[in-house]
Amino acid sequence: MVNIAIFASGNGSNFENLVNEINNGHIDNAVCKVLIIDKEQAYAKERAARLGIPCVYVNPKGYGGKEGYETEIMKTLESYEVELIVLAGYMRFIGKVLLSNYPNRIINLHPAYLPAFPGAHSIQDAFEAKVSYTGVTVHYVDEGVDTGEIIHQEKIMIDPSWDLETLEEHVHAKEYDMFPRVLKTVCERMEEHK
């Protein structure tokens, strides 16, 4: 089993979906040890309470910069013996403390077909660009903005009649379907190398 920590900044729907997929046996090789949030009022915290997952809020402004902030996060990760970090709607760049402690062991869910539309507003960016397709990508995290090695991605063909809300619904549905499958595969690879 791979011990994972999920990081979230907001609603936490992907966090809840992953935990449900672990609990129902679809992801049978991972254990979610802790949820880490960077916003005290993140709704993900309510989901964690409901699911019985420990939730730790670490204030990004409380430690004199990114290095101090991530060093504080490391204490939690070490106490839960976390082997893999899973970013699910975590809206903060990962710095050198976490990258050096978790090389190729931080994965991110991005709601676009990378390398197109990196950054924070990718669904809206794709919609406004009037492209024929977008998608969902899971990738390893590196120093860049959504530039790490792609693990898996799937396309969503965009119907020209869709509004932004409809596109968002399709992207989220693809996330909920794809992310658990990719997480299971990543954990399988990690277990092979243990």
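## The sheet

Two strands count as paired if DSSP finds at least two bridges between them. With that in mind, welcome to this predicted model. Its strands include seven that form an open sheet, in the order S3-S2-S1-S4-S5-S6-S7, and their pairing is mixed. At the edges are S3 and strand S7 (150-157), each of which pairs on one side only. On average, neighbouring strands of the sheet are turned by 20° against each other, direction ignored.

Let us look at one pair of neighbours. S1 and S2 run parallel and are joined by seven bridges. Here Ile6 stands opposite Leu35 in S2.

## Helices on the sheet

Helix H2 lies across S1, S2 and S3, and runs at about 145° to S2. Helix H3 (residues 66-79) also packs on the sheet, where it touches S1, S2, S3 and strand S4 (84-87). The direction of H3 makes about 155° with that of S2.

## A closer look at H2

Which residues of helix H2 are buried? In this helix, which spans residues 44-51, they are Ala44, Arg47 and Ala48. Seen down the axis of H2, the buried residues fall within an arc of 100°, so they line one face of the helix.

The buried residues of H2 pack against strand S1 (2-8), helix H1 (13-23), strand S2 (30-37) and strand S3 (55-57). On the other side of H2, Ala49 and Arg50 are exposed. Just after the helix comes Gly52, with a positive phi of about 75°.

Technical notes
Residues numbered from 1 in each chain as written. Predicted model: local features only at pLDDT ≥ 70, side-chain atom pairs only at ≥ 80, totals over all residues. Heavy atoms only, no water. Buried < 20%, exposed > 50% of the residue type's maximum accessible area, 1.4 Å probe, protein only. Helix = DSSP H or I, 4+ residues; strand = E, 2+ residues; numbered from the N terminus. Arc of directions from axis to C-beta. Contact = heavy atoms within 4.5 Å. Axes fitted to C-alpha atoms, helices over the stretch in contact; angles between N-to-C directions.
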